[in-house]
Amino acid sequence: MKNLRYAWGPFLTYGQKMEMKENSVVYHQGEEGNGFFYLCKGGIKITLLSQEGVERTVNYVPEGMLFGEHGVKKESYLTSALTTIPSVIYYFSDETLERVCKEHPEAACIFTNSLIYKFRILAEIISFLNSPVEQQMAHFLLKLISENDNFSIDQTSFARYIGSSRITVNKILNKWKNQKLIHLSNRTIDILDINRLKDLRDSGAVHLSNLDVLMLSI
């Protein structure tokens, strides 16, 4: 899935450009879909509200990616999307998608692959549910930085991303800092030793093969 970044770029002229402020809601979980979106610049976080009322961040959308694809054909959005910083996005209605695919047949494959990737993200999260927190943190930190370079995120947001407590996340991050695996600076986490962090990710109770295939390239 590494070739998905910016693959939809050639079709932006078909979309409706939208400039949104920080903490703006792009769409709400459960509402009827009216199309999908492309992140041109900025940051989008995807959240999922459980039946018990617990909200978890399930993805941070990298620039150059589609999101909200499950809202096409008037289907309900399965998640919510919010901007984390001022962002530029493009909106594509159902009619626009039909037009793009008619005039550019390759667009249908790009859209489908992007939708498949989102379901793989869900499978990824499920696969890690019973693994040690430290393994989960290693994987999702590698994923965030692989897809976004240096990624700005506070410890509360990171804890919500992996479904753990802020205290636990803070303890492990400081442990990694002392081990010189990472460097902490304000809201930025820099990986100092990617190989050791990958070894840590792969050393937990749950062994998943080819985890790097789930990560997009810069």
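This is a predicted model: local features need pLDDT of at least 70, side-chain atom pairs count only at pLDDT 80 or more; totals for chains, interfaces and linings use all residues.
Biologist: Let's begin with the helices: are H3 and H4 roughly parallel or roughly perpendicular to each other?

Modeller: Helix H3 covers residues 133-148 and helix H4 covers residues 155-162, and their axes are 10 Å apart. The packing angle is about 110°. Angles of 65 to 115 degrees count as roughly perpendicular, so H3 and H4 are, to each other, roughly perpendicular.

Biologist: Which residues in H4 meet H3?

Modeller: On the H3 side, the contact involves Val133, Gln136, Met137, Phe140, Leu141, Lys143 and Leu144. By class, the residues of the contact of H3 with H4 divide into eight nonpolar, one polar and one charged. The partners in H4 are Phe158, Tyr161 and Ile162.

Biologist: Nice, now the rings. How many aromatic pairs does the count come to?

Modeller: Ring centres must lie within 6.5 Å for a pair. By this rule, the count comes to 12 aromatic pairs.

Biologist: Is the pair of Tyr27 and Tyr77 stacked or edge-to-face?

Modeller: The two rings sit 4.1 Å centre to centre, with 15° between the planes. Planes under 30 degrees apart count as stacked, so the pair of Tyr27 and Tyr77 is stacked.

Biologist: And how many residues apart in sequence are the parts that this pair ties together?

Modeller: Tyr27 belongs to strand E2 (residues 25-27). Tyr77 is in the loop between strand E5 (66-67) and strand E6 (80-92). Both Tyr27 and Tyr77 are buried. The pair therefore ties together parts that are apart in sequence by 50 residues.

Biologist: What about Tyr60 and Tyr161: stacked or edge-to-face?

Modeller: Here the centres are 5.3 Å apart and the angle between the planes is 85°. Planes over 60 degrees apart count as edge-to-face. Tyr60 lies in strand E4 (residues 55-61) and Tyr161 in helix H4, so the pair ties together parts that are 101 residues apart in sequence. Its geometry is edge-to-face.

Biologist: Is Tyr161 buried or exposed?

Modeller: Buried means under 20% relative accessible area. Tyr161 has 1% relative accessibility, so Tyr161 counts as buried.

Biologist: Which residues form one aromatic cluster?

Modeller: The cluster brings together Trp and Phe residues. Its members are Trp8, Phe11, Phe36, Phe92 and Phe111.

Biologist: What separates Arg99 and Glu103 in helix H1?

Modeller: Their side chains form a salt bridge at 3.3 Å, N to O. Arg99 is partly exposed at 49% relative accessible area, and Glu103, at 42%, counts as partly exposed. Both lie in helix H1 (residues 94-103), four residues apart, so the separation is about one helical turn.

Biologist: Finally, how far apart are the closest N and O atoms of Asp193 and Arg196?

Modeller: Asp193 is partly exposed, with 23% relative accessible area. Arg196 counts as partly exposed at 38%. A salt bridge needs the nitrogen within 4 Å of the oxygen, and Asp193 and Arg196 form one with their closest N and O atoms apart by 3.9 Å.

Technical notes
Residues are numbered from 1 along each chain as its sequence is written. Side-chain values use heavy atoms; hydrogens and water are left out. Axes are lines fitted to C-alpha atoms, for helices over the stretch in contact, and angles run from 0 to 180 degrees between N-to-C directions. Helices (H or I, at least four residues) and strands (E, at least two) are DSSP runs, numbered from the N terminus. Angles under 35 degrees count as roughly parallel, over 145 as roughly antiparallel, 65 to 115 as roughly perpendicular and the rest as oblique. Contact means heavy atoms within 4.5 Å. Ala, Val, Leu, Ile, Met, Phe, Trp, Tyr, Cys and Pro count as nonpolar, Asp, Glu, Lys and Arg as charged, and the others, Gly among them, as polar. Rings of Phe, Tyr and Trp (its six-membered ring) pair if their centres lie within 6.5 Å; planes under 30 degrees apart count as stacked, over 60 as edge-to-face and the rest as tilted. Buried means under 20% relative accessible area, exposed over 50%, partly exposed in between (1.4 Å probe, protein chains only).
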